[in-house]
Amino acid sequence: MLMRTDPFRELDRLAHQLVGPGTWSKPSAMPMDAYREGDEYVVAFDVPGVTADAIDIDVERNMLTVRAERRPVAKADDAQMELSERPLGVFSRQIVLADTLDTEHIKADYDAGVLTLRIPIAERAKPRKISIGVGTGHKEISG
């Protein structure tokens, strides 16, 4: 069998083993993407192997907090672990949301290990046309 080695990946794996899994007081980082799509912001978090009931989403003022916990999979009593690279524990991410976002109407969807939040842009922040009134009379200034 041909095996490819990456010394930096091995160092990263060893560092994670030494630090240990994330806890609620010191969670590990969670990768994410954020982009604007039409009239809403979309934030997608990678949380593979996490069940939907192990994800917690909170908004307090303009602070969005997402926490997820990946728990160990139950194994048979006679199972012997050969390799364990998938991190377990708590993962978290906090994002400061702009005042222009409507935090009352955030929608969350979880599919295939990706948590997607859709945050609408507040009506007051959307661009709008301002009409210009045209006066009917002319004023003359004499002097």
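How many bridges join strand β2 to strand β3, and do the two run parallel or antiparallel? The legends below begin with an overview and then come to this pair.

**View 1. The whole predicted model, with its one helix and eight strands.** From the N terminus on, the elements follow the order α-β-β-β-β-β-β-β-β. The predictor's confidence, given as pLDDT, has a mean of 81 over the protein, and 76% of the residues reach 70 or more. Among the elements, helix α1, made of residues 7–19, has the lowest mean pLDDT, 60, whereas strand β7, made of residues 107–111, has the highest, 97. Of the 143 residues, 21% count as buried, and the protein exposes about 11,800 Å², of which carbon and sulfur atoms supply 53%.

**View 2. The hairpin formed by β2 and β3.** Strand β2, which covers residues 32–37, is joined by six bridges to strand β3, which covers residues 40–46, and the two run antiparallel. Within this pairing, Arg 36 has Tyr 41 in β3 as its bridge partner. Two residues lie between the strands, and Gly 38 in the turn has a positive phi of about 65°.

**View 3. The open sheet of four strands, in the order β2-β3-β8-β7.** The pairing in this sheet is antiparallel, and β2 and β7 are the edge strands, since each of them pairs on one side only. From one strand to the next, the twist averages 20°. Strands of a sheet pair through backbone hydrogen bonds, either parallel or antiparallel. Between β3 and β8, the latter covering residues 114–120, the antiparallel pairing extends over seven bridges, and here Phe 45 stands opposite Leu 115 in β8.

**View 4. The largest nonpolar core, with its 18 residues.** The members that touch the most other members are Met 30, Phe 45, Val 47, Ile 55, Val 66 and Leu 115. Strands β3, β5 (63–70), β6 (89–96) and β8 each supply at least two residues of this core. In soluble globular proteins, nonpolar side chains tend to be buried together.

**View 5. The surroundings of Val 66.** When neighbours within four places in sequence are left aside, the residues in contact with Val 66 include Met 30, Phe 45, Ile 55 and Leu 115, each of which is also named above among the core members that touch the most others. Asp 56, Ser 92 and Arg 93 are also among the contacts of Val 66.

Key: Residues are numbered from 1 along each chain as its sequence is written. This is a predicted model: local features need pLDDT of at least 70, side-chain atom pairs count only at pLDDT 80 or more; totals for chains, interfaces and linings use all residues. Side-chain values use heavy atoms; hydrogens and water are left out. Two strands pair if DSSP finds at least two bridges between them. pLDDT is the predictor's confidence in each residue, from 0 to 100. A nonpolar core is a set of buried Ala, Val, Leu, Ile, Met, Phe, Trp, Tyr and Cys residues joined through side-chain atoms within 4.5 Å. Buried means under 20% relative accessible area, exposed over 50%, partly exposed in between (1.4 Å probe, protein chains only). Contact means heavy atoms within 4.5 Å. Axes are lines fitted to C-alpha atoms, for helices over the stretch in contact, and angles run from 0 to 180 degrees between N-to-C directions. Accessible areas come from the Shrake-Rupley method with a 1.4 Å probe; for residues, only the protein chains shown count as cover.
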